[in-house]
Amino acid sequence: MPGKYKPLYQYLEHRYANTVVLTFAQIEDLLGFPLPDSARVHHEWWANTDPNDTPPPHSRSWTLASRTATPNLQAQTVVFERAQH
């Protein structure tokens, strides 16, 4: 998992909990840069893409860690659930 979203991947990959909830601020602290505006206002930015498609780099950080992302834009949080195999 190369790229600027690797710290989020590493964080999620090394969590044993099936559910990890992070605030946007916590994600930004992990990444070392602010999330784009689209992440704050569009659910689609966090969409879990079709496994047969190549996901965008940011969503690879949770899909490669076997997680799905469910944002709560009003609360500025994201629930990362371990994907069922």
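Visitor: What makes Arg-82 partly exposed?

Guide: Arg-82 has a relative accessible area of 27%, and the term partly exposed covers what lies between buried, under 20%, and exposed, over 50%, with a 1.4 Å probe and protein chains only; Arg-82 is therefore called partly exposed. This is a predicted model, in which local features need pLDDT of at least 70 and side-chain atom pairs count only at pLDDT 80 or more, while totals for chains, interfaces and linings use all residues. Residues are numbered from 1 along each chain as its sequence is written, and side-chain values use heavy atoms, with hydrogens and water left out.

Visitor: How do you know that the side chain of Arg-82 reaches the backbone oxygen of Tyr-16?

Guide: A polar contact is a pair of N or O atoms within 3.5 Å, where within protein one must be able to donate a hydrogen and the other to accept it, and residues adjacent in sequence count only if both atoms are side-chain atoms. The side chain of Arg-82 comes to 3.1 Å from the backbone oxygen of Tyr-16, and the backbone oxygen of Ala-17 is likewise reached at 3.1 Å. Arg-82 lies in strand S3.

Visitor: Why is Ser-61 called buried?

Guide: Ser-61 has a relative accessible area of 0%, and is therefore buried. Ser-61 belongs to helix H4, residues 57-63, and its side chain reaches the backbone oxygen of His-58 at 2.6 Å.

Visitor: What makes Glu-44 exposed?

Guide: The relative accessible area of Glu-44 is 60%, so this residue is called exposed. Glu-44 is found in the loop between H3 and H4.

Visitor: In what order do the three strands form their open sheet?

Guide: The order is S1-S3-S2, and the pairing is antiparallel. Strands S1 (19-23) and S2 (67-72) each have a single partner strand, so they stand at the edges and one side of each is left without a neighbour in the sheet. From one strand to the next, the twist averages 20 degrees. The names come from DSSP runs, helices being H or I of at least four residues and strands E of at least two, numbered from the N terminus.

Visitor: How many bridges pair S1 with strand S3?

Guide: Two strands pair if DSSP finds at least two bridges between them, and S1 and S3 (residues 77-82) are joined in the antiparallel sense over five bridges. Within this pairing, Val-21 has Val-79 as its bridge partner in S3, and Thr-19 stands opposite Glu-81.

Visitor: Where does helix H1 lie, and what is its angle to S1?

Guide: Helix H1 (residues 6-13) lies across S1, S2 and S3 and runs at about 145 degrees to S1. Helix H2 (residues 24-31) packs on the sheet as well, touching S1 and S3, with its direction at about 90 degrees to that of S1. Such angles run from 0 to 180 degrees between N-to-C directions, along lines fitted to C-alpha atoms, for helices over the stretch in contact, and contact means heavy atoms within 4.5 Å.

Visitor: Why do the buried residues of H2 line one face of the helix?

Guide: The buried residues of H2 are Phe-24, Ile-27, Glu-28 and Leu-31. Seen down the axis they fall within an arc of 100 degrees, so they line one face of H2; the arc is that of the directions from the helix axis to the C-beta atoms. These residues pack against H1, S1, helix H3 (37-41) and S3.

Visitor: What makes up the largest nonpolar core?

Guide: A nonpolar core is a set of buried Ala, Val, Leu, Ile, Met, Phe, Trp, Tyr and Cys residues joined through side-chain atoms within 4.5 Å. The largest one has 19 residues, and those with the most contacts inside it are Leu-8, Ile-27, Leu-35, Trp-46, Trp-62 and Phe-80. H1, S1, H2 and S3 are the elements that give two or more residues to this core. Leu-35 touches Phe-24, Ile-27, Glu-28, Arg-40, Trp-45 and Trp-46, not counting residues up to four places away in sequence.
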